[in-house]
Structure formats: structure tokens, C-alpha cells
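Please view the sequence and the structure together while reading.

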Amino acid sequence: MTTLPIERAYLPSGEVDNTDERPGERAELVLGHETFHQVTETVCRVTEARRPPLVWTLGFLFSLMLTGMLGAMVTYLIVTGVGVWGLNNPVAWAFDITNFVFWVGIGHAGTLISAILFLFRQKWRTAINRFAEAMTIFAVICAGLFPGIHIGRVWMAYYLFPLPNQMEMWPQFRSPLLWDVFAVSTYFTVSLLFWYVGMIPDLATLRDRATGRIRQIAYGLFALGWRGSHRHWHRYERAYLLLAALSTPLVLSVHSVVSFDFAVSQLPGWHTTIFPPYFVAGAIFSGFAMVVTLAVPARQLFGLKDIITIRHLENMNKVILVTGCMVGYAYAMEFFIAWYSGSMYEQFAFINRAFGQYWWAYWIMVSCNVLTPQLFWFRRIRTSIWGMFILSLFVNVGMWFERFVIIVTSLANDFLPSSWDHFTPTWVDSLTMLGAFGLFFTLFLLFCRYLPMIAMAEVKAIMPAAHADGHGGGDGHGGGERARVDPNARDGGKP
Amino acid sequence: MAHAARKADLSSTLADANIRLDGGVESIVRNAWIVGGVGIVAALAWAFLSGSGAERIGRVWIVTYSFVLSIALGGLFFTIVQHLTRAGWSVVVRRIAEAYAANLRWMWLLFAVPVLLLLVTGKFGYVFPWADLAHMREVHPDEATLVEKKTAYLNVPFFLLRSTAYLAIWAALGWFFWRRSTEQDADGGIAATERMQRWAPAGIILFGLSTTFAAFDWIMSLNPAWFSTIFGVYFFAASCTSAFAAMIVALVLLERRGKLVGVVTAEHFQDLGKLLFAFGIVFWAYIAFSQYMLIWYSNQPETTGWYIARQMGGWKWLSIALLFGHFVIPFLLLVSKHPKRYTTTLLFVAAWMLVFSWLDLYWLVMPQIPEGLATATSYRALAEENAGVSTRLADPLNWLALLGFVGLFVGSTLRTLAGHALIPVRDPRLAESLAFENM
């Protein structure tokens, strides 16, 4: 048995609420598609359309412009030197590392969805995993840019890696900054592999449907000769499971290592033992917010509302609520233990955050990360398209400010009042930050246009039609009968 | 078809003989309670005869209490999360977790009575040094100046108030989920499931905050100058270890006695094994490593003392044993899917984890920060000076107290289960759970 979706007055037209689920029944995850072929059509249509939607073209041109600006800023930085940023003596890390941590965090939703939700058998992940994983790759690309350009002499960037050299100079292996190089590059490699391996059957679908020579060759090349034989599927499932198992510790390790960059120091506000799990929770929080920010317009623009349903969005909003509460818990622990420690430096660091020179940044962070996500307790807001879109933007803003608050407030007012200073971003700082968004959106829009945005093969596997022998539903009755309902009737067997 | 066959045996699968404890359980309950009572009396007798001071008795009590508490709290966590996520696979194993959590309705006694005894005899400050600042000023003047700043939080009335709140929250939550679930056995309505789902979010928040602060108050404050923001999470991870291991032990033993045949299958055992592996072994190690690595690396005198105490004398070996016994060895044993599906190996690993979870709590509670820490000239000198420090693991007081509390806990769990089915027989997702297969 499945709980049937309902059209609700408060939802925009075309939106169907499938968030209801009577205990003992399972809601349908794919709406309005009764056969596998319909799913293929819906997904492939996006890349096969002769022209992209106008909004896509405008968005792409705008993103490309921002990317160009990023290129100009980076060139200006390299040609002139890091003096073009607002860094000063105590605040030697500011926007660059804030952006780095922000973008690494954004990537985490993709890995969580593809790896951990896979191991937790969350079937709804199939509709969103592909573009969340794509987002991971692009976010890590943006993240990787910043440590590279922040080192000052970019032409020496290869010193980040332990390369044998005639001077026998090695990076400091005890420094978490070096662990970061390994953690992030491993993360990027595994994420890319996972994304690509998962995409092979869908690339083969695009290859088989391709009419032009270029498309046939391009998709054919990357489909690696996939024919969909049993042996191929067997190997594929094996590889997928192994990659999921490999990615799972990466979800924890990457942001834990990022947190070590701060937490191994002795600086109050940086050195606190909860940092590793707290950073991981924050990363998943911000990542899911970005997935919602992207999914809401994407499903609208490309006609994917029946695959990325309100239920999928609601589930993601629940994850945002849970991880938002974890982040709130971590803030509370930091504050409480700062007081409990009895150390004046710890206490000062936190009071200074809330009421010092960057008080506004702190309160933006608390409002966007802890207060506004509480609105997701209301189902009406969790299922409201505009509500979730706006709240997800708040989370994105809040999580950027979280990193800014942690990094800059702790550095600007450290142990010695005579060395205190104020960091003000220059125009180069601000435009570089904006430019990174341009790079991210450029890559993401290209992906939407040229690659299968939905994991078709995986979505098909969770449709009732895939379980005609009855393994699909809660009480052992799958959707065998439902699969034969008139495919044109939008809400099939609505009572 | 496989399904028709499955439907056909459902009546025998769900027969009372398969899903209810036999009458013989009454004698097991009685024996467990006798063991429990005798264990506690014997522990007290041994403590007085061997001249263990109030401090040692009090700390052994905290270790033992937090061990049984971690099983009950982990059971509560498991139960709440199943409702929070509307899980289907876990219905057939949930009743055991609910029964563990239902113990919270009386377990406050095991906390309240010793605390009252300590207060009445004036020995409370022997166990919780912050309660006797005058003594602390004499022995550890440096620490005392830090602890003095915390008196707004670390004082006896507020401690009692907070402890009462935690115990009341847990008793209420444990009882709530037990009652709703067993009521559903009788009326079969989905209203009970909906109610539990509605209260699960509030439940998990209350659980998280109360567990965190209980860990701060009852364990972290034993070294009142020391602090660690991750400590609440550490105790949560320890609860996962204890509870998932205890669930596996109970279910395998039931299976060995011919219960839940065809109900709890290799599929469910594999999933419980995964949970034990992920939360009880790997997540625990992650949290333990985070805490240790950051304190070691930063090397600040306020916080390193706590670990130095665990690196001296016999404690060093226990620390190493935890690294291997709580992480490396069980990780290797349980990483493959086969040992999770084969109940003999799973039972072995789960029992092993219970032992190490107790050792972990012993390691958290018992060590004393070395006297000479503040004046030591070098780490090596301090280590030599304290080379003879013993963990006193062999002290019968540990084992008698453990026997006592575990006896009461097991007896009470079985007593709670005896009147009801071993699974939520009319849970709306029971069929999904029975039919559940991995992949």
C-alpha cells in the first residue's frame, strides 16, 4: 500500500503534496510517471532540447561574467601581491580561508546524500544525488582555489605537496594545513569517481538516444562501452557500494581536518574539542541548504517537479533542521564551556564575539543558522516553495558568516590587547568572494545542460514498476497493479 | 510465490510461543534480582571490610551506574530515532530497546539513594571535589582557584536540581514510549504510532541536552577544573556502544532459546551489527580521537592533566587496551558483512563491546590527576614517580557492584518484557520489518 498524494490549496498549481504518510504505508516518490520510459524522457529532454530555456542562458552569461571577474581578481592578486586584500598583522587569515571552509562545507551534502543516505537505504536520495554530487565537485573546485591563491607566491604552490626536491625541503607533516591538502584532494578524487561511476549507465542512455555525431562520440566516450548486461550491472553495483563505503568516512574526515586547522592552535575560540563533529554538522547543514537553493529553481525550470517532489524537498528541510539544531548545540556548548572553563581568555573570546567589534556578524550567524531554521518545525513552511527557498538562502548566508566569525573575531582580538586590530575587506576581497559564486554557478549550469541531472537508473529502481513481484510496499504488496494505471491520469488512483 | 508462502507461515511465526517469554522467565527474574541484591550487599560489605574510602566507593558507583544507564539511554535513543525516521526495518527489534529504556522509570533510585547517603554522611565532597572547596584549597590550591569561579554552576543544590530534571526527563520519555508501544499491542491503532512520531522530535532534543549535561555533571565534574566541549558527545557515543551491543546480546540469546524464529532474521542482525559498527565502534573512536588529538596537540596545562593521568602507571595499559579493544580489533572483526549475519560472531563482538564499554567508563571516571603534576620537572619524572599507580581493576568491589546493578537491570528488563510480546505485534510497519532484506 502506498499513501496517495494530495493537491493542497496552499501549494502552487502543479505541485502535489506527497509528504503525508500513514504509518504502515509508504508515500510514492515518483509522481506522474508510470513507466521507465517516461522518466527517461523527462530527464533526457533537458539535455536534448535544441535550445536551453532563456533563464538558463541569462543565468549562464551572468555567471560567466562573474567568473571572468574572479579571473581578473586572481590575476590582479598574483601580479600585485596579497597586499590587495585587507589582511593585517593579527588577521592574517580572513576572506580567503572563510571562502575555503564555506565551499568545502557546501560540498558535504552531496557526499552525505550519495554515501550515508545510500547506506541508510533512503530511497528518496535517488532523485537528488546526481546534482548534489555535481555540486560537491564544483564546490570543492571553488574551495581548492583559495588556499592556492592565499599562499602569496602562487608559483611556489607545488610546495603544498611533499615533492622530493634537491633542497630536501619538505612541508611540515605535523601541520593540519598539510593534512588538508591530502584530505581535500582525496575527497575530490573519490567524489569525482563516485559521481562519474554512478553516471555511466545514464551516459549510455544519452549515447543511445543521441542523434548528432558529436553527442554520440562525446557520450559514447564517457559511457565506457556500457551495454547494460547483467555482468555490467553486477560490477556497477559492487563498485557503487564500495565507493559509498569509502566516501562515508570522508564525510567526517574532510571537515574534521578542516576544523583541525583551527582547533589544534591555542587561540581561544579556535581551540575547542567539539570542533570536528561541529564542523561536520555545519558542513552538512550548509550543503543541504545549497541543494535546496539549487533544486527549487532547477526542478521548476527543467520540469522535474514529479521527480524532485515536495516530499524530497521536505526531507531535505528536515535534514537542515536537524543539522541546524546540532550547530546550535555546538554554539551552546562552546559558550557554556567557555564560561565553565574559568579561563578569562576563553570567556573573553566568546563575549567578544557576541558584543565586540564584529557583533553584527555574530548575530547574523546566530539568526540565520539557529533561529530562522526553527521555522522548519512548521510543516506549512517545510513544504512551501518560497518558504524553503528563502530560508535556505538565510542558511547559506549564516554559514558563510559562521566561518567569518570563527576566523576573524578570534584572530583580531587575541591574547595581547596591544596587537588587536580590525579587519576590513577590500574591494578585491569582496569581488573574489562573489566571483567564486560565479565559477560555481557556471559549472553547475553547464552540468544541468549537458549531463543527466537526475540519476535515471536509480530513480527507476525505486518506482513501483521495478518491484512488480511485490517487494515494494510496506505490507508486501508492491505497486504491481498501480504500474498499470492509466499513465495519463496525473494522480492515478486518487480516491 | 515466496510471498504467499510467507503469508502462510505468518500465523506460526507470530504465535505466542515464538514471540512471548515462557513462564520460566519468572524464575530467571527472581534469580537476577537475587544476584543483584546480593551483589550490592556484597559490594558494600567488601568495601567496608577492605577499608575502601568513600571516594572509591562513590566512583565505583558512578562507573557502574553510568554503565547500566548507558544501556538504557542508548535504548531510548534508538527508540526515538526509529520514530523520528519512521523506520520500517527495525520494528521487530525495537521492543528490546523500549524495554531497556523503560528501566529508566526506576533507575533514578540507583542514583538518588547513593547521593542521599553521601549527603547524609557528609561524604559528598569526597566524590565530587567541587562540593568541598575548603579541602580542595588545601590539596590543590591551583585547581581550587579555577573551581571557585564555577560555583554558580557547581554547587550542591543546583546539582541536585539538575540531576532531578535529567532523571525525570528520562523516566518520562522511557515510560512514554514503552506505554504507547504496548498499548498498541492491545488496540492495534495507528494513533499510538502517530503520537510517538509526534513526540519524537521533542524527545530527541530533551534526550540530547539532558544526556550532555548529565555527562558534564556526573563524570566531567569529577575533575572539576577540567573541561572539554565534546564530552557530552563522548558519553552519547559510549551509550550507543553499550545499548547496541546489549540489544544484540539480548536478541541472540532469545534466538538461542527458540524465540523470535523467523521474526528477527540475519537481515536484522546485520543491520544491528552495522549500527554497532558505525556508532559504537567507529563514531566512538572518532569522538575519542578528536578529544585526545586536540588536547594533545594544543598542549595546554589546563587540559592535558586529564590525559596525563591516563598515561601513568597502569592507566597507560588500559588506554592502549581501549584503543585496540574498543576500536581496532572490533573494527576488523565487524567490518565484513558475514560476521554481522552469523549470530555467533556477532554475539561475541557484542559481548566484547559491552566489556570494553564498561572499561571505557571506568577509564573515564576512576583515574586521579597525579599530585605532582603542577610541580613536576618533566613528563618522564612524573611518569617514573607514578609508575606504580594501579587501575585497581582486580578490586572485587568493581565486579560485585557491576554484578549488583546488572542483576537488577536484567531482572527488571525481563520482568518488563514478561507481560508483553517481544515485538510490537500490531505496529503498522511490522509487515515491512518482517519482509525486510538488505539490498
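Which side chain meets that of Asp185(B) in a salt bridge? In this predicted model, the partner is Arg95(B), with a distance of 2.8 Å from N to O. Asp185(B) belongs to helix H10 (residues 156–187) of chain B and Arg95(B) to helix H5 (residues 91–102) of chain B, so the pair ties together parts that are 90 residues apart in sequence.

A second pair in chain B links Glu148(B) with Arg137(B), whose closest N and O atoms are 2.4 Å apart. Here helix H9 (residues 141–148) contributes Glu148(B) and helix H8 (residues 133–139) contributes Arg137(B), so the parts tied together are eleven residues apart in sequence. Glu148(B) is partly exposed, with a relative accessible area of 31%, and Arg137(B) is likewise partly exposed, at 42%.

The next pair involves chain A. Arg26(A) forms a salt bridge with Glu432(B), and their closest N and O atoms lie 3.1 Å apart. Because Arg26(A) is in strand S2 (residues 26–27) of chain A and Glu432(B) is in helix H20 (residues 430–434) of chain B, this pair joins two chains. Arg26(A) counts as buried at 19% relative accessibility, whereas Glu432(B) counts as partly exposed at 21%.

Over all chains, a search of the whole structure finds 35 salt bridges.

How values were computed. Residues numbered from 1 in each chain as written. Chains lettered and ligands numbered in written order. Predicted model: local features only at pLDDT ≥ 70, side-chain atom pairs only at ≥ 80, totals over all residues. Heavy atoms only, no water. Salt bridge = Lys/Arg side-chain N within 4 Å of Asp/Glu carboxyl O. Helix = DSSP H or I, 4+ residues; strand = E, 2+ residues; numbered from the N terminus. Buried < 20%, exposed > 50% of the residue type's maximum accessible area, 1.4 Å probe, protein only.
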